[in-house]
Amino acid sequence: MIRDALRPAVVLATLAALVFPWVAVFGSNRPVGVPGDPADMAFPGDSDVYDQIWHFWWVRKAVSEGADPMYCPVIFHPDGVSLAFHNVGWTSALIMCLPGMPRNPVQALNLALFMGTLLTFVGGAFLAAKWGARWDGALVAGAVMALMPSRTVHVLQHYMVAQIGWVLLSLGFFTGYLKKRGGGLLFTGVFAFLAVMESFYHGILLTAAAAATSVLLRERPAGVRLYRAWAAVAAGVVLAAL
């Protein structure tokens, strides 16, 4: 009975741990991230965060002007350069171009990271549930994935790598489809596409995780079902790479 009574408090504490740090971030109006060590930088105080703020500024500027954000005439002017295979997190940057999103690139970066943290929490809980975890176990799994130090490091420097939630959602639907537990091929492919548009690293991780899932599942899926699930993943990855 004591454990049952504590569950609501644990849920609230988990949500507070996910949200509270961002209250300070949004209140400061400063970008998430840490400057580099001046001794190791060509320019004092240089940091990947500055490059990432530029990502959000440039993509919004190009989209608002009706230009292709994947081509930038400002870099190596006058010829310009393609950004298609640059380390821009296209999913996050384009979402921040939607109506109602902040125009300030610092605020856009911070909001994208906050949304990515919540998405990782939801995606992690969803994946755990597809593997058979109860709601409380799924909650813990999602929170651990959202707050784990290895992800937090990338929140501070590489937003596109930190946005792992798309991978977890795609893998959750992939797993659910193989186990016949509410999975969907369309969502598997769509989230795979969004994951790879965010970062090619996610395509590598998703492929490896899907392979491990296919081998480790106790419920052996029929061959056709397995091929369809892999086709959905492959379609999302290939379309994003194009």
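Which residues does Ser-170 touch, not counting residues up to four places away in sequence? In this predicted model, the answer is Thr-188, Phe-191, Ala-192 and Leu-206, where contact means heavy atoms within 4.5 Å. Ser-170 itself belongs to helix α8, which covers residues 165-179. With a relative accessibility of 0%, Ser-170 counts as buried; the classes used here are buried for under 20% relative accessible area, exposed for over 50%, and partly exposed in between, computed with a 1.4 Å probe on protein chains only.

Because the model is predicted, local features need pLDDT of at least 70 and side-chain atom pairs count only at pLDDT 80 or more, while totals for chains, interfaces and linings use all residues. Residues are numbered from 1 along each chain as its sequence is written, and side-chain values use heavy atoms, with hydrogens and water left out.

Seen as a whole, the protein chain holds 11 helices and two strands. Along the sequence their order is α-α-β-β-α-α-α-α-α-α-α-α-α. The chain has 242 residues, of which 42% count as buried. Among contacts in the chain with a separation of 6 or more, 67% join residues 24 or more positions apart.

We may now turn to a pair of helices. Helix α4 (residues 105-130) packs against helix α5 (residues 135-147) at an angle of about 140 degrees, and their axes lie 7 Å apart. Here the axes are lines fitted to C-alpha atoms, for helices over the stretch in contact, and angles run from 0 to 180 degrees between N-to-C directions. The two helices are therefore oblique to each other, since angles under 35 degrees count as roughly parallel, over 145 as roughly antiparallel, 65 to 115 as roughly perpendicular and the rest as oblique. From α4, the residues Thr-117, Thr-120, Phe-121, Gly-124, Ala-125, Ala-128 and Ala-129 take part, and they meet Ala-138, Leu-139, Ala-141, Gly-142, Ala-143, Met-145 and Ala-146 of α5. Sorted by class, this contact has 10 nonpolar, four polar and no charged residues; Ala, Val, Leu, Ile, Met, Phe, Trp, Tyr, Cys and Pro count as nonpolar, Asp, Glu, Lys and Arg as charged, and the others, Gly among them, as polar.

Thr-120 lies in α4 and is buried, its relative accessible area being 0%. Leaving aside neighbours within four places in sequence, Thr-120 is in contact with Gly-142, Met-145, Ala-146, Arg-151, Ala-162, Ile-164, Gly-165 and Leu-168. The C-alpha atoms of Thr-120 and Gly-165 are separated by 3.9 Å, although the two residues are 45 residues apart along the chain. Leu-118 also lies in α4, but with a relative accessible area of 30% Leu-118 is partly exposed. From Leu-118 to Gly-165 the C-alpha separation is 8.2 Å. On the α5 side, Ala-138 is buried at 5% relative accessibility. Ala-138 touches Ala-125, Ala-128, Ala-129 and Ala-133, not counting residues up to four places away in sequence, and the C-alpha atoms of Ala-138 and Ala-128 are 5.1 Å apart.

Another helix pair is formed by α10 (residues 200-216) and α11 (residues 223-241), which pack at an angle of about 175 degrees with axes 11 Å apart. That angle makes α10 roughly antiparallel to α11. Phe-200, Leu-206, Thr-207, Ala-210, Ala-211 and Ser-214 of α10 make the contact with Leu-226, Trp-230, Val-233 and Ala-241 of α11. The residues of this contact divide into eight nonpolar, two polar and no charged.

Finally, how many disulfides does a search of the whole structure find? The search finds zero, a disulfide being a pair of cysteine sulfur atoms within 2.5 Å. Cys-72 is buried at 0% relative accessibility, and Cys-97 is buried at 18%. Trp-57, in helix α2 (residues 48-64), is partly exposed at 37% relative accessibility. Trp-57 and Cys-97 stand 40 residues apart in sequence and 9.8 Å apart in space, C-alpha to C-alpha.

Conventions
Helix = DSSP H or I, 4+ residues; strand = E, 2+ residues; numbered from the N terminus.
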